[in-house]
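Here are my notes on the model you sent over. I have kept them to a few numbered points, so please look at the structure first and then read on.

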Amino acid sequence: MVERARSVVFGEVVEQYDAARPGYPAQLITDVLAYAAPGPVLEVGAGTGKATAGFAARGVDLTCVEPDPRMAAVLTTKCPGVRVQIGKFEDYVPDQAFGLLYSAQAWHWVDEERRWDLAHAALAPGGAVAVFWNIYVVADPDLLAALAAVDERHGVSTSSLHRPAPPMGHAEHPLAGDARFTDLDERRYLGTSRYEAGRYLDLVRSISAYRMLAPGTRDALLADMAALLGDDVEMAFATDLGLARRAQ
Ligand SMILES: C[S@@+](CC[C@H](N)C(=O)[O-])C[C@H]1O[C@@H](n2cnc3c(N)ncnc32)[C@H](O)[C@@H]1O
């Protein structure tokens, strides 16, 4: 049996993904557009459009690259005004120079040996790159520890869902020391949200570490989690943003 790629498992649960995943703070979109150079915008790994909708609503000229046709179908319905290129960013050939390239929760899926070279090539001189990720943390520390124990019991070691958020700036900016980029910046946005228990379980279902489990194991894990959740769960969110600009 051919092992399926972990980077493209999201389309298996496209409806749960779109319903359960949070969007991104409006202030982040304002800040990214204020930082960016004028010109067309490129999104890498747009998925079902959770970030795209916010950028498209600001009237930008947007091209989205997304390899999974199931995710892209929802994206096209949700954001009819954007151009959608189905394929991996590694295979995308830009036909214009972009003033901004952004990627929401997806940059880690692009080949780490090539991704900054590809971003550099896609940007106009002075163009901006913005990469951001949501970190979700169950606010109650006892519940968080109990959910982490469920992960461990079922052999899930690669999910960060039930780990405390790392402090901001815990790692060096990935472009530190790369002379092709300048004006490096990092920002964190904080928020809270109540998740109904069913939505929380759909969030779990939408995360690649859990998608890679055998279906029987995943069902047992979800049942154990459901037994710990009440009607709803208080969630704390951090959205981490990294910014840089292509040197002239
Ligand atoms: C966690 S989802 C994030 C989707 C969306 N940006 C969001 O914020 O909800 C990761 C997305 O990256 C896409 N992806 C995976 N590998 C990719 C690659 N090499 N190039 C571009 N996109 C990729 C997946 O198909 C998936 O839609």
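1. Val13 sits in the segment before helix H1 (14-20); helices (H or I, at least four residues) and strands (E, at least two) are DSSP runs, numbered from the N terminus.

2. A word on the basis of these notes: this is a predicted model, in which local features need pLDDT of at least 70 and side-chain atom pairs count only at pLDDT 80 or more, while totals for chains, interfaces and linings use all residues. Residues are numbered from 1 along each chain as its sequence is written.

3. What does Val13 touch, leaving aside its neighbours within four places in sequence? Its contacts are Arg205 and Ser206, where contact means C-beta atoms, placed from the backbone, within 7 Å. Val13 and Arg187 are 174 residues apart along the chain, and their C-alpha atoms are separated by 31 Å.

4. Now the helix pair. The axes of H7 (residues 197-205) and H9 (residues 215-228) come within 11 Å and cross at roughly 150 degrees; axes are lines fitted to C-alpha atoms over the stretch in contact, and angles run from 0 to 180 degrees between N-to-C directions. H7 is therefore roughly antiparallel to H9, a label for angles over 145 degrees. Ala197, Leu201 and Val204 of H7 meet Leu222, Met225 and Ala226 of H9. By class, this contact has 6 nonpolar, no polar and no charged residues. Here Ala, Val, Leu, Ile, Met, Phe, Trp, Tyr, Cys and Pro count as nonpolar, Asp, Glu, Lys and Arg as charged, and the others, Gly among them, as polar.

5. Around the ligand there are 23 residues, the closest being Gly45, Gly47, Ala104, Ala106 and Trp109; a residue is near if its C-beta atom, placed from the backbone, lies within 6 Å. The shell has 13 nonpolar, 4 polar and 6 charged residues.

6. Two backbone angles deserve a look. Gln105, though not a glycine, has a positive phi of about 60 degrees, and its place is the loop between strand E4 (98-104) and helix H5 (115-122). Gln105 counts as partly exposed because it has 19 C-beta neighbours inside 10 Å. Asp183, also not a glycine, has a positive phi near 55 degrees and is found in strand E6 (residues 181-196). Is Asp183 buried or exposed? With 12 C-beta neighbours inside 10 Å, Asp183 counts as exposed.

Terms used. A residue is buried if 20 or more other C-beta atoms lie within 10 Å of its own, exposed if 12 or fewer, and partly exposed in between; C-beta atoms are placed from the backbone. Angles under 35 degrees count as roughly parallel, over 145 as roughly antiparallel, 65 to 115 as roughly perpendicular and the rest as oblique. Two residues are in contact if their C-beta atoms, placed from the backbone, lie within 7 Å.
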